[in-house]
Amino acid sequence: MAKRVKELHFTVNNKVGVLAKVTAALKAARVNIIHAVAWTEGPKGHFDIVTNNNAKAKKALSKIGIRTGDCDAVVLTLRNKVGSLERVAKRLAKANVNIACLSATTAGPRTSVVIHTQNNVKAARVV
């Protein structure tokens, strides 16, 4: 199953407690994080998140001084089984869709994969 979504992205100072502050703001706004990836580069921390309500998430993050942007992405829900991602990768390759970025997380019998491509409409259709 593939779903086109808007993924929020933002940059913060790389310091202790930032994740707690971000998640507290989202919790207070009753925003559920569907998928998240975060990393640091020197003094900066970067977040990409998919939520159940981006408008509320943007407002909550704005209240704590964080400006967000968004970009198109595709969320795939796959079975947590050997070869599941390979099948998707082969379909995308056959359709000449290049994956620019991928992140994934597994919980129980399912795997959630977020991909960014140059053609997310086609990517969502072919997988």
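Because the model is predicted, local features need pLDDT of at least 70 and side-chain atom pairs count only at pLDDT 80 or more, while totals for chains, interfaces and linings use all residues. Residues are numbered from 1 along each chain as its sequence is written, and side-chain values use heavy atoms, with hydrogens and water left out.

The protein has four helices and six strands. Helices (H or I, at least four residues) and strands (E, at least two) are DSSP runs, numbered from the N terminus. Along the sequence, these elements follow the pattern β-α-β-β-α-β-α-β-β-α. The C-alpha trace spans about 45 × 30 × 30 Å along the principal axes of the protein. Of the 127 residues, 35% are buried. Buried means under 20% relative accessible area, exposed means over 50%, and partly exposed is in between (1.4 Å probe, protein chains only). The accessible areas come from the Shrake-Rupley method with a 1.4 Å probe, and for residues only the protein chains shown count as cover.

Helix α2 covers residues 54–63, and its buried residues are N54, A57, A60 and L61. Seen down the axis of α2, these buried residues fall within an arc of 125°, so they line one face of the helix. The arc is that of the directions from the helix axis to the C-beta atoms. On the face of α2 turned away from the buried side are the exposed residues A55, K59 and K63.

Helix α3 can be read in the same terms. Its buried residues are S84, V88 and L92. Viewed down the axis of α3, they fall within an arc of 65°, so they line one face of the helix. The face of α3 turned away from its buried side carries K90, A93 and K94, which are exposed.

Salt bridges come next. A salt bridge is taken as a side-chain nitrogen of Lys or Arg within 4 Å of a carboxyl oxygen of Asp or Glu, and by this rule there are three salt bridges. In one of them, the side chains of K6 and D72 meet at 2.7 Å, N to O. This pair links distant parts of the chain, with K6 in strand β1 (residues 2–13) and D72 in strand β4, 66 residues apart. K6 is partly exposed, with a relative accessible area of 41%, and D72 is also partly exposed, at 40%.

Strand β4 also takes part in the bridge between K58 and D70, where the closest N and O atoms are 2.9 Å apart. Here K58 belongs to helix α2 and D70 to strand β4, and the pair links distant parts of the chain, 12 residues apart. Both ends are partly exposed: K58 has 31% relative accessibility and D70 has 34%.

E86 forms a salt bridge with K90, the closest N and O atoms being 3.2 Å apart. Because E86 and K90 are four residues apart in helix α3, about one helical turn separates them. E86 is partly exposed at 44% relative accessibility, whereas K90 is exposed, with a relative accessible area of 54%.

Another residue of strand β4 is T77, which is partly exposed with a relative accessible area of 34%. The C-alpha atoms of T77 and T51 are separated by 15 Å, and the two residues are 26 residues apart along the chain.

The surface patches remain. Patches are made of residues with over 30% relative accessible area and no salt bridge; like charges are joined within 9 Å, and nonpolar side chains (Val, Leu, Ile, Met, Phe, Trp, Tyr) within 5 Å. Lys and Arg count as positive and Asp and Glu as negative, with His and the chain ends not counted. The place of a charge is taken as NZ of Lys, CZ of Arg, CG of Asp or CD of Glu.

A patch of positive charge on the surface gathers R79, K81, R87, R91 and R110. Among these residues, K81 is in the loop between β4 (69–79) and α3 (84–94). K81 is partly exposed, at 49% relative accessible area. L85, I99 and L102 make a nonpolar surface patch of about 220 Å². L85 lies in helix α3 and counts as partly exposed, at 39% relative accessibility.
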